[in-house]
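Colleague: I would like to learn how to read a structure feature by feature, with the general idea set out before each case. Could we go through this one together?

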Amino acid sequence: MKAIKAMKLMKEKKIFHFLFNLLFNNLDIILFFILIYIKLYEYSKSISPDYLYVMVKLPIIGCILVLIGVSLILKEKSRISFLYIADIVISCILITDVMYYRYFKDITTLASVKNAKLLAGVSDSVTSLFRFKDLFYILDIIAFIPFKKNYKRIKQNYLPLSKRLLTFAVVFAIGIGLNAQTLYTVSKEQPTLLSSMSNRIYLTKMIGNIDFHVVDAYNFVSTNIKNAKKLPQDKQDEIKKYLQNNTENSGQVKLQGKYSGKNLIVIQVEALQQFVINKQVNGQEITPNLNRWIKKSMYFDNYFYQVAGGTTSDAEFMSNNSLYPAQSGAAYYTYSGNTYNSLANALKSKNYYTAALHGNSEGFWNRNVMYKAEGFDDFYGQHSFNINEEIGLGLSDKSFLNQSIEKIKNFKQPYYSFLVTLTSHYPYDAVSKYGDFDTGEYEGTFMGNYLKAIHYTDAQLGTFLDNLEKEGIMQNSVIALYGDHFAIPKDKINELYKFENVSNANDYNWFTYQKVPLIMHFPDNYNSNVVNHSYTGQMDLYPTLANLMGIKNQYMFGKDMLNSTNQNVVFRNGSFIDGKNLYVSWTNTYYDLATGKVVNETEELKKEKNKANEELEYSDDLLNHNLLKNFLNGN
Ligand code: GP9
Ligand code: MN
């Protein structure tokens with residue numbers, strides 16, 4: 001009996017010993033896991049305090065397991081040093097990100113670090129962005145110095161290499177598996193999000209801080225490798241020649257410099273599509289104010305948006321540079337370190353004051369970096385406005401436009417002000433409680449919400465334009481107002497077809513609904529109440545304005561809408577319009593623009609197709625190799 005008891009006790013002792021040894025021998029790993037998990041999870045909470053993203057737990061655990069896996073290959077004395085250094089690196093990244101978020105409501109990227117010189121103002125205020133509570137991220141690093149020393153001293157190396165390799169393989173594979181699962185889920189939910197990184201905060205909430213930086217580094221390095229090779233000189237010359245010919249063919253004779261020295265105000269309106277213009281719902285005009293201003297302005301009713309993965313930012317990019325959007329992702333992100341002969345840069349050299357205004361966080365779409373590259377003297381973002389009324393994504397258009405006019409009034413003349421509105425943003429449901437616009441049978445539907453949202457924004461734009469007139473600003477300014485991109489995404493297109501009574505849901509019909517209004521108002525009321533029906537797009541805004549404002553820029557892919565006779569509009573996916581035909585690239589089909597009938601490919605059309613692709617390639621080459629830097633230096 002006694003002997004059995006003693007044996008049992010021994011067994012228990014053995015188990016206890018085993019467990020104790022297991023715990024003690026892996027104390028560094030256990031502590032690393034717990035501490036890093038807490039830090040990463042706390043960071044996730046800090047960027048989305050109102051919503052706990054359960055999904056983020058998986059990639060956080062995955063990342064930690066990958067690191068632990070790697071550490072397991074090492075002998076145990078080196079292992080603790082490896083984990084300690086990993087802790088320091090992660091903590092530094094987190095502290096940087098926490099402070100960056102505090103200012104930009106965004107997450108640091110390699111591009112923003114590379115362009116740190118463009119983030120003037122922020123570096124000065126690093127100390128002011130630091131909070132006492134941030135010490136939370138680094139306290140353990142200091143506290144663990146003695147622990148690390150003693151632990152290293154006591155610890156012996158027990159495991160042979162084969163066992164170390166085995167544990168590495170298992171833990172590492174589990175970690176990679178968890179990360180892969182997360183990235184797959186994200187790419188299923190939003191196919192372009194990982195490459196475009198358009199909404200970085202949302203992405204970080206889904207995949208966690210470490211995965212975000214890994215994806216960012218991958219995107220950054222792969223574009224840099226792609227672009228590292230110098231483009232042969234003859235190819236550079238070919239592109240330069242092509243662009244110079246393009247400008248010559250564009251005309252730029254009529255009205256040249258007609259408004260030199262005048263102020264320029266460009267207003268980009270969120271999700272303003274053309275089909276709502278001069279249209280009624282439930283017996284009421286949807287955009288009464290824009291309709292009223294169209295009568296007093298020049299209106300382009302065949303103006304297409306040409307955006308790609310960078311949506312709003314692509315619209316800004318094209319309108320300010322007349323360069324095509326990036327092949328994948330967003331030019332505002334990928335090419336933020338390039339040299340540009342943009343509208344603002346060109347006007348700056350004519351002694352203009354240049355300012356961009358937008359009521360959202362400065363980091364959204366990398367605007368804080370890109371606006372500097374595009375030559376804006378100042379960017380009035382969220383921090384420059386009194387956020388006294390928020391709808392949907394941020395400051396309401398009403399408050400934004402009212403505060404903007406007060407700023408504009410005090411700008412040094414001549415100036416270029418570029419405004420980007422926000423409220424009428426997808427999914428449009430935030431606006432429905434503002435105003436009493438009754439959409440009748442569309443009440444409560446996606447379409448009804450969009451009509452309400454755009455009706456709201458129309459009212460604010462009406463007030464803004466009326467005020468510009470009242471204040472006497474309009475009489476001394478060229479004004480251009482346009483929509484940035486589609487409002488009704490493809491998966492909701494049937495709601496639009498129902499609203500428009502379209503029965504044939506084919507590609508031709510879809511394309512005819514991808515127009516956005518462009519309204520131009522001139523100080524002398526030139527061409528007021530004139531509707532220009534030529535086929536045009538966002539790539540053409542800058543060349544047109546350049547001619548009117550007396551800017552010389554030979555490096556634009558678009559055309560001057562008031563001089564050019566060509567009606568080419570090329571879309572990022574290779575589809576195009578030539579004034580008579582529409583080519584849909586994804587089915588390789590041509591349509592007669594006027595009738596919608598399918599047309600057979602002719603030699604002529606084939607040439608046009610190749611030319612459209614060549615033009616897109618030229619634009620990519622120009623951006624990938626930062627050719628404007630050479631061109632502008634006379635090379
Ligand atoms: C936010 C904004 C929205 O600042 O411009 O961009 P979008 O989602 O429309 O591309
Ligand atoms: Mn937009």
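**The surroundings of the ligand**

Modeller: Around ligand 1 stand Glu270, Thr311, Thr312, His358, Asn360, Phe364, Trp365, Arg367, Leu422, His425 and His485, where a residue is listed as near if one of its heavy atoms lies within 4 Å of the molecule. This is a predicted model, in which local features need pLDDT of at least 70 and side-chain atom pairs count only at pLDDT 80 or more, while totals for chains, interfaces and linings use all residues. Residues are numbered from 1 along each chain as its sequence is written, chains are lettered from A and ligands numbered from 1 in the order in which they are written, and side-chain values use heavy atoms, with hydrogens and water left out.

Colleague: How many nonpolar, polar and charged residues does the shell around ligand 1 have?

Modeller: Ala, Val, Leu, Ile, Met, Phe, Trp, Tyr, Cys and Pro count as nonpolar, Asp, Glu, Lys and Arg as charged, and the others, Gly among them, as polar. In the shell around ligand 1 there are three nonpolar, six polar and two charged residues.

Colleague: Which oxygen contacts should I look at?

Modeller: A polar contact is a pair of N or O atoms within 3.5 Å; within protein, one must be able to donate a hydrogen and the other to accept it, and residues adjacent in sequence count only if both atoms are side-chain atoms. Here a polar side-chain atom of glutamate 270 lies 3.1 Å from an oxygen atom of ligand 1, and for asparagine 360 the distance from such a side-chain atom to a ligand oxygen is 2.8 Å. Arginine 367 likewise places a polar side-chain atom 2.8 Å from an oxygen atom of ligand 1. Taken alone, ligand 1 exposes 310 Å², and the protein buries 92% of that; accessible areas come from the Shrake-Rupley method with a 1.4 Å probe, and for residues only the protein chains shown count as cover.

Colleague: Is glutamine 306 buried or exposed?

Modeller: Buried means under 20% relative accessible area, exposed over 50%, and partly exposed in between, with a 1.4 Å probe and protein chains only. Glutamine 306, in the loop between β5 (303-304) and α13 (311-321), is buried because its relative accessible area is 3%. Its side chain reaches the backbone nitrogen of glutamine 538 at 2.8 Å, and a polar atom of that side chain of glutamine 306 lies 2.9 Å from the backbone oxygen of valine 570.

Colleague: What span should helix α18 have?

Modeller: Helices (H or I, at least four residues) and strands (E, at least two) are DSSP runs, numbered from the N terminus, and the expected span of a helix is 1.5 Å times one less than its number of residues. The 25 residues of helix α18 (residues 446-470) should therefore span 36 Å, which agrees with the 36 Å between its end C-alpha atoms. Since 19 of the 25 residues of α18 are buried, the helix is largely enclosed by the rest of the structure. Just after α18, glycine 472 takes a positive phi of about 80°.

Colleague: Which residues does asparagine 449 contact?

Modeller: Contact means heavy atoms within 4.5 Å. Asparagine 449 lies in helix α18 and is buried, with a relative accessible area of 13%. Leaving aside neighbours within four places in sequence, asparagine 449 is in contact with Pro427, Tyr428, Asp429 and Ser432.
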